[in-house]
Amino acid sequence: MLAALIVVKSFNSGRPASVHTSLTSIMTAAATALDIIIMAAGKGTRMKSRIPKVLQKLAGRPLLQHVVAEAQSLHPRRVVVVTGHCADEVEAACAAFTLPQTTPLEMQFVRQEPQLGTGHAVQQAVPKLPDDDGVVVVLSGDVPLTEASTVAELVKACGGDQLALLTVRVSDPTGYGRIVRDANGVVQRIVEHKDASDEQRASIKEIYSGIMAAPAKRLKAWLSQLNNDNAQREYYLTDVVAMAVADGVAVVGHCITDALQVAGVNSPLQLAELERAHQLRQAAALMEQGVRLADPARFDLRDDVRGVLAELSCSTDVEIDVGCIFTGRVTLGEGARIGAYCHISNAEIAAGAVIHPFSHIDGGGDAAGVSVGEGSLIGPFARLRPGARLGREVHIGNFVEVKNSSLADGAKANHLAYLGDASVGERVNYGAGSITANYDGVNKHRTVIEADVHVGSNCVLVAPITIGAGGTVGGGSTLTKSTDAQALTVSRGKQVSIANWKRPVKR
C-alpha cells in the first residue's frame, strides 16, 4: 500500500521521517554544537525591484525562507541573519515565515551597514556567537535549494577542527571564486573571479559555493585579520582559507555534482531559470513514481499565498495535463484526472474525480479546505472556494461557483450558478442561473436544499430558507419562505402579452 502513495514536497518544506533520521545521525556523528549565519544584507541591484533580493519568491516562498527552513532542519542552537538593505522589511518577513513543524528555531538579527563584503557581513554576527568549541555554518540568503543533508555532510567534514568548503565543478565558472589546490590536491585558497589570473580563470572549474563550516574559535580569529586589499576594496570571507592554511588548519573541499543546490539568484532571468529547474525536478520525482504529466515543463508546485507549505500527494494512475498549478497541500486520489490550466490549492480530490480544464479550486488557508468526492466531475471553468465539500458523483459545471457549501452524493449544478453557505441534499438538480442570496448586507445566512429537489433556471433562494425534500422550484422564482416537501413552488409575475404592440421609433 505504501507504494501506491506518492508525496512530493517543495524543497525545504519538510521531509519524510527517513530523511530527518539520516540528518540526525549525521549531526550526531559530528558531535558538535552548531550555529548558523545567513547572509541576507545585499541589495540585489540587478533584480531591478523594490522587493529585497532575498524576499523574491521561488516556488511560492521567499528565497530566504527556503534557507531558514534548511537551517531549521539541522537543529542549530541559533540562527543569526545578517540584514542590511531594507533590513526592517527583511526582519519582519523572517518573523512571519511559515516553517516546518520540527524543533523551535532561535533566530537573531544583526545589521551590516554599510555592506563591505562577505567577510564584513560575517564579522557583524561574531558578537552573537558563543565562545566555545562549536561549529559555525555560513549560508547565503539567495541560494535557496541547498539540501540540509548536504550541509550536514559539510559539518561532518569539518569535524569541529577543520575548515570545510562546499564546492562544485561547473563548465562555466564565470563570476565565481575558484578553488586553488596544490599539486597534491590540497586546498590552498580561494581566488575571486575579479582577482584571478587569466590562467586561473581558464583552467579552474571548481568553484566555491559561498557555504562553509568552520570551528567557531578559529573563525573568529581569522575574521579579525581580514583586510580589503583587493580589486573590490571589500572584506572577503574567502580570505580565511589562506589564513587557515597558514595556521596549519586543514581545509577540506566537500565537492558535490549537483549545481542546482548551490545556484544563487542575482537577476530576474536567473530566478526564472532556477524556478523552472526546481519545478522540473519536482515533476521528475512525480513521474518516477508513476504520475502521468502531459508536459513536465508545464507543471508547478508552490507554497500557497497564505504560507501553507507545498505538498502534493498522488495515488496511482493520476493524470495531470499541461499548465496546472498546485499550491499548498493537495491530495489526488487513484485515477484522478486534472485538466489543462487548473489551479488547485489546499484540496482533497478523491479517486476517479475529473477536474476539467480551467477550473479553480481554492481551499483557503487550511489544508484540504475543499474536498471533491469520488467520481465527481468539476468544470470546465468551475470555481470551488473554501468550505466546498462535495460528495460522490457530484457535478459542478461551467461557470458554477461553490463557497462554504456541502453537496451530497449525486447533486448537480451544471451551469452558471452560485451556491454559497448552502447544504444541498442527494440528487438535487440546481438550475442554470440560480443563486443562493446568502448575504443581507450584515450577516451570512444558510440555505438548505433537501434531497431530490429540482430548482429551475434563474431562481433566487433568499436565505435563511429550506426547500423541502422532493420539492420543485419553478424557473425564474424568487423565494423568501421555506417550502414543504414534494411541493411545487412558483413565485413570479403573471405573464402578460399585448397584441400588435409597436416599439417606439426615433424622431
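Predicted model: local features only at pLDDT ≥ 70, side-chain atom pairs only at ≥ 80, totals over all residues.

Next, select Asp35. You are now in strand E2, residues 34–40. Is Asp35 buried or exposed? Asp35 is buried, because its relative accessibility is 1% and the cut-off for buried is under 20%. Show its surroundings. Leaving out residues up to four places away in sequence, Asp35 touches Arg77, Arg78, Leu129, Pro130, Val135, Val136 and Val137. Zoom in on Arg77: its side chain makes a polar contact with the side chain of Asp35 at 2.6 Å.

Pick out the pair Asp132 and Arg77. Their side chains meet in a salt bridge, 2.6 Å from N to O. Why does this pair tie together separate parts of the chain? Asp132 sits in the loop between helix H4 (118–125) and strand E7 (135–140), while Arg77 sits in the loop between helix H2 (63–72) and strand E5 (78–83), so the linked parts are 55 residues apart in sequence. Color by accessibility here. Asp132 is partly exposed at 23% relative accessible area. Arg77 is also partly exposed, at 31%.

Move to Asp133. This residue counts as exposed, with 58% relative accessibility. Select Lys217 with it: the two side chains form a salt bridge, 3.6 Å from N to O. Lys217 is in helix H7 (residues 216–223) and Asp133 is in the loop between H4 and E7, so this pair links distant parts of the chain, 84 residues apart.

Last stop: Arg281 and Asp258. Their closest N and O atoms are 2.8 Å apart, in another salt bridge. Arg281 belongs to helix H9 (residues 268–288), and Asp258 to the loop between strand E12 (251–256) and H9, so the pair ties together parts 23 residues apart in sequence. Arg281 is partly exposed, at 32% relative accessible area.

To see the rest, display every salt bridge: the count comes to 26.

How values were computed
Residues numbered from 1 in each chain as written. Heavy atoms only, no water. Salt bridge = Lys/Arg side-chain N within 4 Å of Asp/Glu carboxyl O. Helix = DSSP H or I, 4+ residues; strand = E, 2+ residues; numbered from the N terminus. Buried < 20%, exposed > 50% of the residue type's maximum accessible area, 1.4 Å probe, protein only. Polar contact = N/O pair within 3.5 Å; in protein donor to acceptor, adjacent residues only side chain to side chain. Contact = heavy atoms within 4.5 Å.
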